[in-house]
Amino acid sequence: MRKFGVFLIIVVLFFSMGCSKTTDKQPKPEIGKKEQIVQEVKVTIQRMHVDGDHLTRVQVTRKKEETAAKTALLALLELPSDKNYFNPIANSTIKLLSFVVQENGIAVVNFNEELKKIKGGSLFEQLFIGSIVNTLTENQEIKAVKILVEGKPIETLTGHLDLTEPLKRNENLLHK
C-alpha cells in the first residue's frame, strides 16, 4: 500500500508540472542551439576609380566571412558603383564559386563562366584584375593570386593580361 501511495504522489506531481497547459506565451529555449553572433570586420580593398586610370585603397566594414581575405574579396566584388568607384561586376551574373589560400601563399579565386563575358581594353583588364590581386595581397599571408573559371585556368580575361601564372601585387596601379 505504501508503494502505491508513493506512486500516486509521483503521478500527481508529473501531471501537475509537465502536463499542464502553459499560459506563458514565451518560446522555450532550444537545448544545444547557440545564438549566431554576427561579427563585423574592417577590411581594406582596392577599388577601380571612376576616372578609369587607377585603384584607390578604401576601408569598409563588412560581415566577417571565414577569413578577412575572403571578406575583403566579397566586399570588392559586391559593392556597387558610385560617384567615385566603378565595379563592372556588381549586380551581374558573375559569381565567386570558391576561394582558397594554399599553403604556399597563393590564393586561388574561382569564378563562374560569366567572367569570360566581361569586356574592356588593356587598362580596364589591368585595373579589374589588379583590384582583385591587390585587395587579396593586402593580407600578408597571400603572396600571389591565381584566377580560374569553373575550376580551370584561363589564359587571359580580355586579351591583354597573361593569367596563366599566379599574379603578384602591383603597387603601380594605386593612386599616389
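**View 1. The hairpin of β1 and β2.** In this predicted model, the hairpin of β1 and β2 has 5 residues between the strands, and G52 takes a positive phi near 75°. Strands (E, at least two residues) and helices (H or I, at least four) are DSSP runs, numbered from the N terminus. Strand β1 (residues 40-49) and strand β2 (residues 55-63) run antiparallel and are joined by 9 bridges; two strands pair if DSSP finds at least two bridges between them. Opposite R47 stands T56 in β2. Residues are numbered from 1 along each chain as its sequence is written. Because the model is predicted, local features need pLDDT of at least 70 and side-chain atom pairs count only at pLDDT 80 or more, while totals for chains, interfaces and linings use all residues; side-chain values use heavy atoms, with hydrogens and water left out.

**View 2. The open sheet.** The 3 strands have the order β2-β1-β3, with antiparallel pairing. β2 and β3 stand at the edges with a single partner strand each, so one side of each has no neighbour in the sheet.

**View 3. β1 and β3.** Strand β3 (residues 85-86) runs antiparallel to β1, and 2 bridges join them. Y85 in β3 is the bridge partner of H49, and F86 in β3 is that of M48.

**View 4. Helices on the sheet.** α2 packs on the sheet and touches β1 and β2, its direction making about 45° with that of β1. Helix α3 (residues 122-136) also packs on the sheet, touching β1, β2 and β3, at about 165° to the direction of β1. Contact means heavy atoms within 4.5 Å; axes are lines fitted to C-alpha atoms, for helices over the stretch in contact, and angles run from 0 to 180 degrees between N-to-C directions.
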